[in-house]
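Subject: Structure handover

Hello,

Here is the structure I said I would pass on. My notes on what was found in it follow below.

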Amino acid sequence: VTADTDAQLVPRVLAGDEFAAGELFRRHWPGTWRTALAVTASTALAEEAAQDAWIRAIAALARFDATRPFAPWLRRIVVNCALDAARRDRANHRSPVSLAIAAPDDVSDDELVDAVLRLPLERRAVVALRFWADLSVPEIAEALELPDGTARSRLARALADLRAMLEVRH
Amino acid sequence: MDLEHRLARAASTVVHEPSADVTARVSGATVEAARRQSGRAPAVGDGRVRRTRWRNGARTAAAVLTGAAVLAGAVLLAASHRQPEPAGLTTSAAASNAAASNAAASTPEEALTIVPADPADAARVAVTGASPEQLATILDVIAGLGPGLIIESVTLDENGPQGQRQLIVIEARSDPVGLWLTHVAADELVARLNRDGAAITWLAYAEGGTTVEGRLSPTADPAQAMAAGRASLDSAKAAGYRAEVTVYPIGALATVLHLEEPDYFAPRRTDWMHIAGGFDALTTPRFVAVEAPDGTRIFTSGHGTCYDCSSAHVGPTPGTPLPTTMAGPTVLNVRLSSPLGERPDVRIEIDCTGNGANGVLCDAIIRDRYALFQPLVSDTACSGLIGVPSIGIDGTLGGVPIDTGFGGCTSGAVQRWVDILRANGHLTGAWATDG
């Protein structure tokens, strides 16, 4: 219904304009979902995280700096919510052991995904955001509120961990 | 294949499109969060006629009345039989009286108001960072908005994002017309200042900023705006609408279309942007509004677009009695359904012809009929909210045939119907609460 910028939509959402809220959601929902799903690797957790993120974002909208782009701001919230959800899920269900899987050329995609999910959460997040949410390293750094160099080195360490895990069986 | 490529390929294992029901649930939760958030904002309206939710920013009664006072002085000559109301104001006796005392249209029989340029009010705007030549341009553009303080301040500096040269234009008003005029002036300022070498690349308002696109060029052309205004009046008359047009010397115009009963419930045309000529906005900046018989604004377009604008129903205000042209029976069939079938469909017959149990509900429907049966614009796109129930209504209202419906693009109307049916005990079970 509108070609307004995100910065123009935000004050309208704050004023109670449901069309503006719907438009803002429509624009950013696909990215929200991809990010939440990449980090959690679970439809149920992604829904929980995405919904939590949107509600938190709306609640914090008055503090949003409208001179800055909306998407990275929202992504930071989504990533935090997704990490929280993944952390709770890991505490409840996932075992940190049994890292050994087949070599890259032998493993299925499911096994590779499982290996990523067994990484420490902060390393898993950078891998998921880089390869599954298709974010650049600077975008990952912004989402995780890290210096670029830290995000880059964390990604390198995560890949090294994965390689080590995949070589265990050889 | 190396590990990084394998990981990227595995994305399809992890990431897939959201299902419709997930999208609907999160969308619904988001909109509900926004609704609750806005619930903390002050209610809008003049307290006597209605409550109106504008699209752009919170509006207070004080802001509305301030706007009324500002625009009351913006009209030139005295009208004879009917005073055209300044565009962008809610209808209020105070505003109309103030306007009438100041005022008027140059050609009242055509409801065309020509606003004069006002260099004196322009000189009240605080301007910083401009050279003497730039200051002259800025004041000339702002004078073209007419009397009253539309813009509070204008600043030129190098403090935009990444050190960009920016123009900051702070609005003095928060009503739709005030915001629209501010943006018209800001675009014109950027175009004229950049034409003269200012190299502005960032344009900021109180509500946020945006990059300046190279396509901006000066558009102010009062003669063209006057011609467009007359064309707008002719077009509205041909479509059966009473219209009022205000032409601003900056070369912009505001068209307000009025609907009367019983046509309100089934107007011949609702392509309001076309009727008002709004699609030539690239050459003539334009504000378009459509009003219900009582002045409730149901559509605005200028600084953004809003339809289904009127918020909650009138509430304790008595409302306008049905006109004598609507003395027939009121019998309505209402069908309410949820988007994903999570609640059972509801069908309700509301028979107001006797002295039955529907009396209170019938009174409420009559009272709030402008919001409950508002016509909808047909030439403006809407992506719609997901997860909003849909409602269909047919039958007669005061003998006038009704056949309408609302859904994701008109969620406000849906909510009003749900509220009024719920308040009168016609919704039970899963429909009885918002859950």
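A:Phe64 and A:Phe70 are both buried. Please keep in mind throughout that this is a predicted model. The two rings make an edge-to-face aromatic pair, with 5.4 Å from centre to centre and 85° between the planes. Over all chains, the structure has 13 aromatic pairs.

Aromatic residues in chain B

Another edge-to-face pair is made by B:Tyr264 and B:Tyr370, at 5.4 Å centre to centre and 75° between the planes. This pair links distant parts of the chain, 106 residues apart. B:Tyr264 sits in the loop between strand S8 (252-258) and helix H10 (272-275) of chain B, and B:Tyr370 is in helix H12 (residues 369-372) of chain B. B:Tyr264 has a relative accessible area of 0%, so it is buried. B:Tyr370 also counts as buried, because its relative accessibility is 6%, and the cut-off for buried is under 20%. Both tyrosines belong to one aromatic cluster, made up of B:Tyr264, B:Phe265, B:Tyr370, B:Phe373 and B:Trp417.

Chain B as a whole

Chain B contains 13 helices and 15 strands. It has 435 residues, of which 54% count as buried. If you take the contacts in chain B between residues at least 6 apart in sequence, 67% of them join residues at least 24 apart.

Salt bridges within the chains

Over all chains the count is 23 salt bridges. Three of these may be worth a look in the viewer.

In chain A, the side chains of A:Arg27 and A:Glu23 form a salt bridge with an N to O distance of 2.9 Å. Both residues lie in helix H2 (residues 18-40) of chain A, four residues apart, which is about one turn of the helix.

In chain B, B:Arg242 and B:Glu244 meet through their side chains in a salt bridge of 3.6 Å, N to O. B:Arg242 is partly exposed at a relative accessible area of 33%. B:Glu244, at 4% relative accessibility, counts as buried.

Also in chain B, the side chains of B:Arg335 and B:Asp394 form a salt bridge at 3.0 Å, N to O. Here the pair links distant parts of the chain: B:Arg335 is in strand S12 (residues 331-337) of chain B and B:Asp394 is in strand S14 (residues 390-397) of chain B, 59 residues apart. B:Arg335 is partly exposed, with a relative accessible area of 27%, and B:Asp394 is partly exposed as well, with 24%.

Returning to chain A, salt bridges with shared partners join A:Asp6, A:Glu23, A:Arg26 and A:Arg27 into one network.

A buried arginine in chain A

A:Arg124 is part of helix H6 (residues 121-132) of chain A. Its relative accessible area is 4%, so A:Arg124 is buried. What lies 2.8 Å from a polar atom of the side chain of A:Arg124? The backbone oxygen of A:Val39 does.

The interface of chain B and chain A

In the contact between the chains, 54 residues of chain B meet 52 residues of chain A. The size of an interface is often given as the accessible area lost when the parts come together. For chain B and chain A, about 4600 Å² is buried between them, with 63% of it on carbon and sulfur atoms.

Two salt bridges are found across this interface. One salt bridge joins A:Asp109 and B:Arg9, whose closest N and O atoms are 3.5 Å apart. There are four residue pairs in polar contact between chain B and chain A, counting pairs with both residues at pLDDT 80 or more.

On the side of chain B that touches chain A, the elements that give two or more residues are helix H1 (3-9), helix H2 (11-14), helix H3 (20-38), strand S6 (208-211), strand S11 (304-307) and helix H13 (411-423) of chain B. H3(B) provides the largest share, 13 residues. By type, the residues on this side of chain B are 22 nonpolar, 22 polar and 10 charged.

Regards

Note on methods. Residues are numbered from 1 along each chain as its sequence is written. Chains are lettered from A and ligands numbered from 1 in the order in which they are written. This is a predicted model: local features need pLDDT of at least 70, side-chain atom pairs count only at pLDDT 80 or more; totals for chains, interfaces and linings use all residues. Side-chain values use heavy atoms; hydrogens and water are left out. Buried means under 20% relative accessible area, exposed over 50%, partly exposed in between (1.4 Å probe, protein chains only). A polar contact is a pair of N or O atoms within 3.5 Å; within protein, one must be able to donate a hydrogen and the other to accept it, and residues adjacent in sequence count only if both atoms are side-chain atoms. Contact means heavy atoms within 4.5 Å. Buried area is the accessible area (1.4 Å probe) that two parts lose on being put together, summed over both. A salt bridge is a side-chain nitrogen of Lys or Arg within 4 Å of a carboxyl oxygen of Asp or Glu. Ala, Val, Leu, Ile, Met, Phe, Trp, Tyr, Cys and Pro count as nonpolar, Asp, Glu, Lys and Arg as charged, and the others, Gly among them, as polar. Rings of Phe, Tyr and Trp (its six-membered ring) pair if their centres lie within 6.5 Å; planes under 30 degrees apart count as stacked, over 60 as edge-to-face and the rest as tilted.
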